[in-house]
Amino acid sequence: MKPILVIGCGNPLRSDDGVGRHAARQIAATVPQDDVAVLVRHQLTPDLAEPVRKACLVIFIDASCEDPPGKIRSRRLVPEAALPGLLMHHLTPAGLLACTKSIYGNCPPAVLYSVGAGCFEFDEVLSDKVYRSLPELLTRIRRRIRRQTAPSNHPDKIRISSTP
């Protein structure tokens, strides 16, 4: 079975912008490594197309400047209609999916979990509202991982019990 790929991105030196990285590290410490691969990145770049291609599901975690601080959103992603310029230094999650599809012919399903950020000042500490949203964010992501790795989603992983 292909692993789930979790990608947490953001700048850890810009306060709330680092929430994706922080959450991804906590996911890495608390989920089975056989089922989940976790990457922590400053930004999304075209070289991530290969690990994206190898996943059964990609979960992106990032800060949002569009939502109120601490507000958690999740949404399914589809590849951008137009391929981002190849000279881009960074991509959006949908742009990375488009890049993956262009290079490899397809891409896995993907979801973005975003947290509204209120502070992008130079600091390594999350704001109170964003910090307080972390337990709920992690619960939602772990729940999604459990659903994806449940035996009913993978008939080849169904465990047969010898007890009646």
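**Close-up views of a predicted model**

**View 1. Lining of the second largest pocket.** Pro12, Ser15, Gly18, Arg21, His22, Arg25, Glu124, Val125, Leu126 and Tyr131 form the lining of the second largest pocket. The model is predicted, with local features requiring pLDDT of at least 70 and side-chain atom pairs pLDDT 80 or more, while totals for chains, interfaces and linings use all residues. Residues are numbered from 1 along each chain as its sequence is written, and side-chain values use heavy atoms, without hydrogens and water. A pocket is an open set of points on a 1 Å grid over the protein atoms alone, where a 1.4 Å probe fits, with protein on both sides within 12 Å along at least five of seven lines; a lining residue has an atom within 4 Å of a point. Helix 1 supplies the largest share of this lining, three residues; helices (H or I, at least four residues) and strands (E, at least two) are DSSP runs numbered from the N terminus. The second largest pocket holds about 160 Å³ of space, a volume being the space filled by probe spheres set on grid points joined across faces, edges and corners.

**View 2. Ser15 in its loop.** Ser15 is found in the loop between strand 1 and helix 1. Its relative accessible area is 4%, so Ser15 is buried (under 20% with a 1.4 Å probe, protein chains only; exposed is over 50%, partly exposed in between). The phi of Ser15 is near 50°, a positive value in a residue other than glycine. Most residues other than glycine have a negative phi. Ser15 also belongs to the lining shown in View 1.

**View 3. The largest nonpolar core.** This core has 25 residues, and those with the most contacts inside it are Ile4, Val6, Ile59, Ile61, Leu137, Ile141 and Ile145. A nonpolar core is a set of buried Ala, Val, Leu, Ile, Met, Phe, Trp, Tyr and Cys residues joined through side-chain atoms within 4.5 Å. Two or more residues each come from strand 1 (4-9), helix 1 (19-30), strand 3 (57-64), strand 5 (110-116) and helix 4 (128-149). Helix 4 contributes the most, six residues. Beyond its neighbours within four places in sequence, Ile141 is in contact (heavy atoms within 4.5 Å) with Ile27, Ile59, Ile61 and Tyr113. Another core, of 18 residues, lies apart from this one and includes Leu39, Leu77, Leu96 and Cys99.

**View 4. The largest pocket.** About 580 Å³ of space lies in the largest pocket. Of its 24 lining residues, Asp62, Ala63, Ser64, Pro93 and Leu112 lie nearest its centre. Strand 3, strand 4 (72-77), helix 3 (93-104) and strand 5 each give two or more residues to this lining. Strand 4 gives the most, with four.

**View 5. Ala110 in strand 5.** Ala110 is part of strand 5 and counts as buried because its relative accessibility is 6%. Leaving aside neighbours within four places in sequence, Ala110 is in contact with Leu57, Val58, Phe60, Arg75, Arg76, Leu77 and Leu97. Ala55 lies 55 residues from Ala110 along the chain, and their C-alpha atoms are separated by 9.6 Å.
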